Amino acid sequence: MEAFSVLPMFKVGIGPSSSHTLGPMLAAAGFAKRALDKHGEQIAAVSCTLYGSLALTGEGHATDKAIILGLLGYLPETLDPHQADLAVHQVRSNDTLKLDGKRELAFSPQKQIIYQSDTFLPEHPNGMKLNAFNQDGKVIHAETWFSVGGGYIVSAAEAAKTAGEEPEDKRILPFDNAEQLLNHCEQQGIRLATVARRNELSLGSSQEEINQYLDKIREVMISAIDRGCHHEGVLPGGLTVVRRAPQLYQRLKVRSLSQDPLALMDWVSMFALAVNEENAGGGQIVTAPTNGAAGVIPAVLAYYMRFVEGATDEGAREFLLTAAVIGWLYKRNASISAAEVGCQGEIGVASSMAAGALCAVLGGSAAQAENAAEMAMEHHLGMTCDPVKGLVQVPCIERNAMGAIKAINAARLALLGDGKHRVSLDACIETMRQTGVDMQSKYKETALGGLAVNIVLC
């Protein structure tokens, strides 16, 4: 049902990247279990070959670490980052690995994680092939996976399917684009979040399950902000980026909003920085819709919960459901993968999701929320993904703060209008998709262009 559920737009995971860390970990974990279940003691060795963007920025995005953890059988939603570091260190020190935590194999990450940076598989820039070998060196189990953004993965077989081959749509209020979504709202007099909730119920979730899921997502988001506000130090990777959120937090705590009303913007920026510094450090965050853009939605949600009079738990749930349904439209009709469309597909989508969600919980109509979502994306069109040294740090961390501020601005502008506007969200999503197609590959999470090649690192 994942093809039609909007809830997987939010996944609990670890940093620094949903497409380069979370996705590969899930693919490797599934491969390890299936290979072991099918072939057991016949397996003598395993390997993973990374292609395209996964290979080009793999080490900076901790893809090698993610592959090792997945092969060990770890899953991101239950992973303790400290335990993960210890487990990876042990594999690298001993050149051995327990496949799915069960079968011990010789495994050298330097030799058995292979980087094919000059080869892009045709289905998606983020490709990986996993192989299991017998004692004679013959491949006895092989899988090809693509990490398509936001922690979503698809197999080679799934990538080859046409739209007509997708699962049966059992949603009670089906839609494929924003126009159809708004029609449901108008005809039935309901809100965007109500459409999402009714559809999740028709897909088999209960009200309690939906609420528990949303509350858990909010809990992890706020926890990431709190940890980021108190976690001092320098981020790993060699850029010597100092965590800024703790200092900002200490300064903001003693600043009066009555004396400086614009300090609200500083709080929002600090919330976003805190989350993405946690992400860059490999901490637990929520893909929203990706790790690289994980700070935007929590920052705007924290703004609502902390600074908006009358904010409620139910309002937070509406916020997340509205954001999720908007994000689903981008995933359905364009992409949330920077390797496919640049950073407009990550920060831009997150800002669009947050803008529509905030507009809704501030009392905006479905049409106004759609306007806010469109406005936020319209001003992220063409944004490249050019991480310096392949790390999710520069310019990624600050971009989350900018995306959050744009989202709030878009929501407030939309509330000043009546929902009528010239450019529809559907037109903006299609424009984003076309822009991504036209964008040169060096600007799409390869660290081969933009800031990545114009920053002196020595």
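**Helix H3**

I began with helix H3 of this predicted model and looked up which of its residues are buried. The list reads Thr 63, Asp 64, Lys 65, Ala 66, Ile 67, Ile 68, Leu 69, Gly 70, Leu 71 and Leu 72. That is 10 of the 10 residues of H3 (residues 63-72), so I noted the helix as largely enclosed by the rest of the structure. After H3 comes Gly 73, and I read a positive phi near 100° for Gly 73.

**Ala 28 and helix H1**

I then went to Ala 28, which sits in helix H1. Its relative accessible area is 0%, so I put it down as buried. What does Ala 28 touch, leaving aside neighbours within four places in sequence? I found Ile 67, Gly 70, Leu 71 and Leu 130. Ile 67, Gly 70 and Leu 71 are on the list of buried residues in H3. I also checked Ala 28 against Arg 197: they are 169 residues apart in sequence, and their C-alpha atoms are 32 Å apart in space.

H1 spans residues 18-39 and lies across E2, E6, strand E7 (139-149) and E8. Against E7, I noted that H1 runs at about 155°.

**The five-stranded sheet**

Next I followed the sheet under that entry. I read the strand order as E5-E2-E6-E7-E8, in an open sheet with mixed pairing. Which strands stand at the edges? They are E5 (113-116) and E8 (152-155); each has a single partner strand, so one side of each is left without a neighbour in the sheet. On average, neighbouring strands here are turned by 25° against each other, direction ignored.

I looked at one pair in detail. E2 (residues 45-51) and E6 (residues 126-133) are antiparallel and share seven bridges. Opposite Ser 47 I found Asn 131 of E6.

**The E3-E4 hairpin and two Asp residues**

E3 (residues 96-99) pairs with E4 (residues 103-106) in the antiparallel sense, over four bridges. Leu 99 has Arg 103 of E4 as its bridge partner. The two strands make a hairpin with three residues between them.

Asp 100 lies in the loop between E3 and E4. Its phi is positive, about 55°, although Asp 100 is not a glycine. Is Asp 100 buried or exposed? I recorded it as buried, because its relative accessible area is 15% and the cut-off for buried is under 20%.

Asp 95 also has a positive phi of about 55° without being a glycine. I placed Asp 95 in the loop between helix H4 (81-94) and E3. Asp 95 has 33% relative accessibility and so counts as partly exposed.

**Cis peptide bonds**

I noted a cis peptide bond from Gly 15 to Pro 16, with omega near 10°. Pro 16 is in the loop between strand E1 (11-14) and H1. Another cis bond joins Ala 288 to Pro 289, with omega about 0°. Pro 289 is in the loop between strand E9 (284-287) and helix H12 (296-307).

**Nonpolar cores**

The largest nonpolar core holds 109 residues. Which of them touch the most other members? I wrote down Phe 10, Met 221, Ile 297, Phe 319, Leu 320, Tyr 330 and Leu 358. For Phe 10, with neighbours within four places left aside, the contacts include Met 221, Ile 297 and Leu 320, and also Ala 288. Ala 288 is the residue joined to Pro 289 by a cis bond. Apart from this core lies another, of 35 residues, with Leu 36, Ala 55, Ala 66 and Val 91 among them. Ala 66 is one of the buried residues of H3.

**Two helix pairs**

H7 (residues 178-188) packs on H8 (residues 192-202) at about 100°, with the axes 9 Å apart. From H7, Leu 181, Leu 182, His 184, Cys 185 and Gln 188 meet Leu 192, Val 195 and Arg 198 of H8. By class I noted five nonpolar, two polar and one charged residues in this contact.

The axes of H9 (residues 207-230) and H10 (residues 245-253) come within 6 Å and cross at roughly 90°, which makes H9 roughly perpendicular to H10. The contact uses Gly 228, Cys 229 and His 230 of H9, with Ala 245, Pro 246 and Tyr 249 of H10. By class it has four nonpolar, two polar and no charged residues.

Notes
Residues are numbered from 1 along each chain as its sequence is written. This is a predicted model: local features need pLDDT of at least 70, side-chain atom pairs count only at pLDDT 80 or more; totals for chains, interfaces and linings use all residues. Side-chain values use heavy atoms; hydrogens and water are left out. Axes are lines fitted to C-alpha atoms, for helices over the stretch in contact, and angles run from 0 to 180 degrees between N-to-C directions. Angles under 35 degrees count as roughly parallel, over 145 as roughly antiparallel, 65 to 115 as roughly perpendicular and the rest as oblique. Contact means heavy atoms within 4.5 Å. Ala, Val, Leu, Ile, Met, Phe, Trp, Tyr, Cys and Pro count as nonpolar, Asp, Glu, Lys and Arg as charged, and the others, Gly among them, as polar. A nonpolar core is a set of buried Ala, Val, Leu, Ile, Met, Phe, Trp, Tyr and Cys residues joined through side-chain atoms within 4.5 Å. Buried means under 20% relative accessible area, exposed over 50%, partly exposed in between (1.4 Å probe, protein chains only). Two strands pair if DSSP finds at least two bridges between them.
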